[in-house]
Amino acid sequence: MTTMENDLLTRCHDAWLALEPFRRERLRCKRLSYGTDGASANNLVRQLLKSVVGRYRYLRVGSTVDLDADVRAELDLDARTLEEFLISGMAVNRRRLDPHHGRHEFANVSPERIFFTRCSEPDASDATLVGMLHDFSATQLLRQFGDDDPALCRDLMEHYRGRQAAYPAAPCVEAPMSWDTSTLPGHVRVIEAWEAVCVHTLYCHDLLQAELFTVPYTAEAQAAVDAVNARRRADRSPEVLTLLDNDDAWLHTWLSPAGRVLRRETVSRDAFPFALRLYPMTDGETHSLVADVAPQQLHINRLVALLDRVIDQSAKGVLLFPTEQLPDGFTWQDMRRIWANPGGIIPYKRTSRSLSPQQVNSTGWNQGAGEMLKLQLDLFAEVSGLAPSFRGREAAFAGSEAAKVDSQNASIALMDIMGAFHAFVAQRNQMTGKEGVAKSGESWRMHRGASLRSDRNSEF
């Protein structure tokens, strides 16, 4: 492994380690959202997520619920991405490696697999290094990097020998993400890195053909232009005007965890396959919607557990009865039957004429825990910004107009985070219209050995 390859692998690993606090917080919010962290019988966070995602689907398909339109609009990808955005504060889509029929297909990517250097823009557009951890099967590995060369394929299989992920005891079990080992059984880890670089570009204006085009600058390309201009000067024909400039590009590298370069090429900025959005982007920190309501949910879980424990350990249906007060002719079985009967009458001998028949009425004991639970439920609604009408329940006050205003206020509370997600979707959709990325692997490349050419002029 050369020094350059070792340096790139080290910087990729450092960027991945730098996001470890984010991954821990995301795991906490994810477990809280799906009821695997704390009490799950009263999971309000899950209901919150379903309400927001459901409202998003409803707004996208129109004023009526139409599941067919939902499918046709391909909203499932956006819905799942929005759910991730609400849980972790990061949304990532990547252009598929093998899109079918030239369509621009995107896949939702777990933030656990993403790494990037420090940035100040919410879409990480100013990051100098962005990458992703992949799990490739043997077929995918050879198809992507084998180049139909049997010797190279054997070399790749030998390189990855013993690096396949082991089969777990149970399938579909959450496992911590590892840097160098695949999380899928029988797969191997491949590291994808996109590094921002500066390249020299030769801008050419062919006056004879009235054509503008660009080529990567090389000594061979410059010599070809000089040769063409020399012939045209001899023929007194218009020459090719050139301008040498510096452009931004990406150095796209595929690495193995051991540092072997599986493939490397320099591509244009338009070939970047990731659409990424962080919310909010404040000094490199994200604080998701779930993280905001997590303290209230955890406190609600504690209060519910406390009430359950109090009820479980409280005396229920127990009567203290002095033995000497048992009326004549009554047995303890008779007393138990009468006590359990709501309309029962227990006769007893009074010891004073001031005593008269009285009705016994006892209430439960909770020492204000019920009121505290109600307060926490109200605080949950306040922190989340979602009114009952927004979650598909009755408004807190009667009247259709009041319920409409209540729902509008809840929508305003979520307008910021929904606007950020809309910007993410718009950014991703713009990527589908850029030239040179119609199919995977067809983005225009800027190889150093490329020669100057033109489809309209045989001189190049």
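This note goes through a predicted model of one protein chain, from its overall make-up to a few local details.

1. Overall make-up. The protein chain is built with 13 helices and nine strands. Of its 460 residues, 38% are buried. When contacts between residues at least 6 apart in sequence are considered, 68% of them join residues at least 24 apart.

2. Confidence. Since the model is predicted, a reader new to it may wish to start with the pLDDT values. The mean pLDDT of the protein chain is 80, with 73% of its residues reaching 70 or more. Among the elements of the chain, strand β3 (residues 114-116) has the highest mean pLDDT, at 96, whereas helix α4 (residues 67-72) has the lowest, at 57.

3. A stretch to read with care. Over residues 435-457 the pLDDT stays under 50, and for this stretch the model has 52 contacts beyond four places in sequence.

4. Packing of two helices. Helix α2 (residues 20-33) packs with helix α5 (residues 75-88) at an angle of about 110°, and their axes are 8 Å apart. Angles of 65 to 115 degrees count as roughly perpendicular, so α2 is described as roughly perpendicular to α5. On the α2 side the residues that meet α5 are F22, R26, C29, K30 and S33, and their partners in α5 are E84, I87 and S88. Sorted by class, this contact of α2 with α5 has three nonpolar, two polar and three charged residues.

5. Backbone points to check. Most residues other than glycine have a negative phi, and most peptide bonds are trans.

6. Two positive phi values. D147, which is not a glycine, has a positive phi of about 55°; it lies in the loop between α6 (138-145) and α7 (150-159), and is exposed, with a relative accessible area of 52%. A210, likewise not a glycine, has a positive phi of about 55°; its place is the loop between β5 (188-206) and β6 (211-216), where A210 is exposed with a relative accessible area of 64%.

7. A cis peptide bond. The bond from Y279 to P280 is cis, with omega near -20°. P280 itself is found in the loop that runs between β9 (274-278) and α9 (289-313).

Notes:
Residues are numbered from 1 along each chain as its sequence is written. This is a predicted model: local features need pLDDT of at least 70, side-chain atom pairs count only at pLDDT 80 or more; totals for chains, interfaces and linings use all residues. Side-chain values use heavy atoms; hydrogens and water are left out. Helices (H or I, at least four residues) and strands (E, at least two) are DSSP runs, numbered from the N terminus. Buried means under 20% relative accessible area, exposed over 50%, partly exposed in between (1.4 Å probe, protein chains only). Contact means heavy atoms within 4.5 Å. pLDDT is the predictor's confidence in each residue, from 0 to 100. Axes are lines fitted to C-alpha atoms, for helices over the stretch in contact, and angles run from 0 to 180 degrees between N-to-C directions. Angles under 35 degrees count as roughly parallel, over 145 as roughly antiparallel, 65 to 115 as roughly perpendicular and the rest as oblique. Ala, Val, Leu, Ile, Met, Phe, Trp, Tyr, Cys and Pro count as nonpolar, Asp, Glu, Lys and Arg as charged, and the others, Gly among them, as polar.
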